[in-house]
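Thanks for coming. I have one structure to go through today, so let me put it on the screen.

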Amino acid sequence: MKILAIDTSCDDTCIAILEIGKQPFGESARRRPGKLEIKSNIISSQVKIHRKYGGVYPTLAKREHQRNLLPVLIRALKGNKLLKISNSKIQTLKKILEREEYLGEELEKFLKKYQKPKVDTIAVTVGPGLEPCLWVGINFARSLSHYWDLPIVPVNHIEAHILANFLNTKYKIQNTKYLFPAVCLVVSGGHTQLILMKNFGQYKILGETRDDAAGECFDKTARILGLSYPGGPAIAAEAARLKIKDYRFQIKLPRPMINSKNYDFSFSGLKTAVLYKIKDYKPVASLPVISSKLRKLKIKDKNYIRAMCAEIQQAIIDVLIKKTIKATKDYKAKTIILGGGVAANTELRKQFKTTCLTPDVKRATSGVKLLIPAKNLCTDNAAMVGVAAYYHGLKGKTKAGRDIEANANLRISQNDQ
Ligand code: KG4
Ligand code: ZN
């Protein structure tokens, strides 16, 4: 069977096709699970548009989703023969898409032209995310569901980030009881949460950020330093350029809440600390100014920026690792599961791996396993939405299109108990 998965929760328009064995959802599929295969995973990034503003503007993002969804769908369906047809379900479709003017017209043309592709279920992210963006994806999914008579599986974006770990791995959704309980760390632009996963579909939020998310901290500090959006990859790249032996800059930033007894985080203080450090910076007169952006900051030495980036990255990593290991020990977790855009960070991945292998952690956690998705499956994509839908579809949790609604603040423990 095939799942058509859609994610428009933030600034990436994502559509994927997943193929699962040959079986539809139901009892037989539960007994004899099929292999999960990504047929296509198309992401249309709006990064260039939002870069100018240093962050995501929801109304702008919504408009871009309206423009991008259909071309992305066509690319995702490439390989599926699109057969030409004509049909008469257009009136209801117009109603569903009345708020998606441009998309409505284009989709109408598309559906009038082509027959239903070989797809069995639609999956769509319903939250958390930017509400106007979520609605575009949902209305698109509802239109396709109505027109092609397909069920929809609503998906929680955070759960999708966690389940991205079950794409392209030896671990199958079924027969993985030995992985649980697991402690999941979801670190993205909007979220930083530690979640106890007792099994698929059984989650409890242990702690989360009280202010900025880890990715947001990367994005905001990058902006302060005159680096481009998204800040995470920009800061990581600058940090990697720092020459290890350059000790001229002894920058020390705080590690907020690192020793607190709970599993909560706080990253906004880190951003403020960076602002103060920059103010304290004493220019080295002999060095040339390196770029117009840095001239504004009156910072002449690019190694100062690099040292600052390395310290920002390390401060974030230290807090994330310490808290995750604490939760792993406290809950006797057998597995640590990472997910979300920040999990694409090379240093974070490396340091999590080495920490899990240290004798202390190995002993205290009885050799905890570590799952991290491939980098391209950490940042937003729809293949992860497809896996989550696959799991919920197996449990029979499909819905009629009209029952699907956006919930910008959807919580994972609300999702499925
Ligand atoms: O999961 P994601 O793609 O979207 C949300 O659900 O928010 O995460 C985006 C976030 C951004 O804040 C971005 O700066 C961060 O993930 N990010 C990174 C890296 N790649 C993306 N942060 C650190 N290092 C990276 N390599
Ligand atoms: Zn995300």
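Helices here are DSSP runs of H or I with at least four residues, strands are DSSP runs of E with at least two, and both are numbered from the N terminus.

Some ground rules. This is a predicted model, in which local features need pLDDT of at least 70 and side-chain atom pairs count only at pLDDT 80 or more, while totals for chains, interfaces and linings use all residues. Residues are numbered from 1 along each chain as its sequence is written, chains are lettered from A and ligands numbered from 1 in the order in which they are written, and side-chain values use heavy atoms, with hydrogens and water left out.

The overall picture next. The chain holds 17 helices and 10 strands. Of its 417 residues, 55% count as buried, where buried means under 20% relative accessible area, exposed over 50% and partly exposed in between, with a 1.4 Å probe and protein chains only. Among contacts with a separation of 6 or more, 76% come from residues 24 or more positions apart; a contact is heavy atoms within 4.5 Å.

Back to helix 12. With 29 residues, helix 12 reaches 42 Å from its first C-alpha to its last, close to the 42 Å expected at 1.5 Å a residue. That expected span is 1.5 Å times one less than the number of residues. Since 21 of the 29 residues are buried, helix 12 is largely enclosed by the rest of the structure.

Two strands count as paired if DSSP finds at least two bridges between them.

Going through the pairs, strand 1 and strand 2 run antiparallel with six bridges, and they form a hairpin with four residues between them. L4 has I17 as its bridge partner in strand 2. Strand 2 and strand 3 are also antiparallel, joined by nine bridges, and E19 is partnered by E37 in strand 3. Eight of the nine residues of strand 2 are buried. Strand 1 and strand 4 pair in the parallel sense over four bridges, with A5 partnered by A123.

On to the metal. Which residues coordinate the zinc ion, ligand 2? They are H157 and H161, each through NE2, and D380 through OD, at 2.0 to 2.1 Å. Donors are N, O and S atoms within 2.8 Å of the metal (3.2 Å for Na, K and Ca), and water is not among the atoms, so sites may look incomplete. The spacing along the chain is H-x3-H-x218-D. H161 lies in helix 7 and D380 in the loop between helix 15 and helix 16, so the pair ties together parts that are 219 residues apart in sequence. Both H161 and D380 are buried.

Last, a loop contact. S266 sits in the loop between helix 9 and helix 10, and it counts as buried because its relative accessibility is 14%. Its side chain makes a polar contact with the side chain of D211 at 2.7 Å. A polar contact is a pair of N or O atoms within 3.5 Å; within protein, one must be able to donate a hydrogen and the other to accept it, and residues adjacent in sequence count only if both atoms are side-chain atoms.
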